[in-house]
Amino acid sequence: MSDQHQNLAIIGHVDHGKSTLVGRLLYETGSVPEHVIEQHREEAEEKGKGGFEFAYVMDNLAEERERGVTIDIAHQEFSTDEYDFTIVDCPGHRDFVKNMITGASQADNAVLVVAADDGVAPQTQEHVFLARTLGIDELIIGVNKMDVVDYKESTYDDVVEEVTQLLKQVQFNTADASFIPISAFEGDNIAESSENTDWYDGEILLESLNDLPEPEPPTDASLRLPIQDVYTISGIGTVPVGRIETGIMNTGDDVVFQPSDVGGEVKTIEMHHEEVPKAEPGDNVGFNVRGIGKDDIRRGDVCGPADNPPKVAETFQAQVVVMQHPSVITAGYTPVFHAHTAQVACTIESIDKKMDPSSGEVAEEDPDFIQSGDAAVVTIRPQKPLSIEPSSEIPELGSFAIRDMGQTIAAGKVLDVNEK
């Protein structure tokens with residue numbers, strides 16, 4: 001185990017081999033026991049899908065195996081020499097977007113999977129745009145399925161060129177991107193260099209993951225702790241539970257919960273069933289605050305210092321990217337916004353400007369509507385009090401997903417907050 005932790009998003013088009021890559025990474029780093037792989041191999045062969053055992057590692061439910069599709073996946077963890085990685089993603093699941101944006105799964109870096117035989121697909125574009133919007137720093141691009149294209153260097157070069165153009169289009173710094181020809185299925189250039197790509201002399205995937213920059217721990221920011229649940233525990237009283245996103249919580253601190261607007265002194269902090277004097281970003285804690293009752297606070301509240309309380313938005317301005325919407329979005333549209341642990345219906349009050357995703361310049365002031373593929377700056381009015389922060393000040397509490405009709409339709413980050 002290393003003491004450094006990274007949240008890693010694995011992104012890319014649904015059929016480009018994300019699940020197989022995740023399975024391969026878990027397998028090569030010894031995170032999946034051999035007997036589990038064996039069991040999956042037998043099952044795969046029985047169903048006439050021999051060779052799918054890595055993808056099977058990722059699958060849990062029998063019915064989705066029948067369909068040969070990966071639907072859902074818990075957080076998966078694996079370790080390299082440098083880092084303990086948590087993979088945040090549900091390969092092939094459109095809602096990975098929501099998971100990537102809200103709360104504990106903010107990814108630091110990402111691996112973009114692009115199939116060599118297919119190149120850039122619509123979801124590839126969407127995910128790159130998202131990675132850029134959500135502030136992912138470094139992108140490792142795995143040009144996958146090299147086995148399918150007979151490990152041809154020219155095919156690899158074409159895909160690299162195509163993806164590089166896409167990165168430029170969304171203003172992703174291409175210097176912060178590295179390309180690797182891989183086969184998740186066969187294992188080429190994942191844990192060891194492949195003889196099949198003797199024309200490639202760069203790093204293999206596990207080396208690239210090891211070389212990712214260390215995420216900056218956000219301890220110097222003000223305390224922000226979104227509440228996941230509120231319990232009543234005998235002998236202690238009311239215990240809110242959540243994950244510290246930024247800052248430090250110490251016993252004795254004066255804290256306040258917003259938007260419930262109540263506060264008090266932190267009496268005890270508990271982590272892994274032990275009392276601790278303080279807790280830091282990434283820690284999941286239960287804590288007790290003097291004078292706070294079970295009905296005073298709720299999930300979606302954010303706890304922060306009394307002298308620098310979490311902001312509560314009357315309205316806020318945000319940059320959004322529309323990923324999928326059956327028609328058009330106009331002012332007055334009121335979907336559900338998922339921000340940290342809060343879920344609040346919000347109205348898009350005005351569409352202020354449409355952005356050109358390729359340049360980041362304003363393409364149109366006050367457009368009548370936006371639709372799939374558009375980026376825009378909008379003004380949003382929450383229908384119930386919502387605590388949210390400008391992304392430039394506290395990125396961990398500055399991004400959100402917009403959901404409607406059972407799917408994530410847009411993602412965004414907060415530009416500024418007009419406080420209540």
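This is a predicted model: local features need pLDDT of at least 70, side-chain atom pairs count only at pLDDT 80 or more; totals for chains, interfaces and linings use all residues.

Visitor: OK, and where does Asp 198 lie?
Guide: Asp 198 is in the loop between β6 and α8.

Visitor: How far is Asp 198 from Tyr 151 in sequence and in space?
Guide: They're 47 residues apart in sequence, and their C-alpha atoms are 9.5 Å apart in space.

Visitor: Which residues form the negative surface patch?
Guide: Asp 198 is one of them, and the patch also includes Asp 15, Asp 117, Asp 118, Glu 153 and Glu 195.

Visitor: Is Glu 195 buried or exposed?
Guide: Glu 195 counts as exposed, because its relative accessibility is 74%. Its place is the loop between β6 (177–181) and α8 (205–210).

Visitor: What about Asn 189, buried or exposed?
Guide: Asn 189 counts as buried, because its relative accessibility is 1%. Asn 189 lies in the loop between β6 and α8. It also has a positive phi of about 55°, although it is not a glycine.

Visitor: What is phi of Asp 150?
Guide: Phi of Asp 150 is positive too, near 55°, and Asp 150 isn't a glycine. You'll find Asp 150 in the loop between β5 (139–144) and α7 (153–169). Asp 150 is exposed, because its relative accessible area is 58%.

Visitor: What follows α1?
Guide: Gly 30 does, and its phi is positive, near 70°.

Visitor: Which peptide bond is cis?
Guide: The one from Gln 258 to Pro 259 is cis, with omega near 5°. Pro 259 sits in the loop between β10 (254–258) and β11 (262–271).

Visitor: One more: what does the side chain of Thr 246 reach?
Guide: It reaches the backbone oxygen of Ser 222, at 2.8 Å. Thr 246 is in the loop between β8 (237–243) and β9 (249–250), and it counts as buried because its relative accessibility is 0%.

Note on methods: Residues are numbered from 1 along each chain as its sequence is written. Side-chain values use heavy atoms; hydrogens and water are left out. Patches are made of residues with over 30% relative accessible area and no salt bridge: like charges are joined within 9 Å, nonpolar side chains (Val, Leu, Ile, Met, Phe, Trp, Tyr) within 5 Å. Accessible areas come from the Shrake-Rupley method with a 1.4 Å probe; for residues, only the protein chains shown count as cover. A salt bridge is a side-chain nitrogen of Lys or Arg within 4 Å of a carboxyl oxygen of Asp or Glu. Lys and Arg count as positive and Asp and Glu as negative; His and the chain ends are not counted. The place of a charge is taken as NZ of Lys, CZ of Arg, CG of Asp or CD of Glu. Helices (H or I, at least four residues) and strands (E, at least two) are DSSP runs, numbered from the N terminus. Buried means under 20% relative accessible area, exposed over 50%, partly exposed in between (1.4 Å probe, protein chains only). A polar contact is a pair of N or O atoms within 3.5 Å; within protein, one must be able to donate a hydrogen and the other to accept it, and residues adjacent in sequence count only if both atoms are side-chain atoms.
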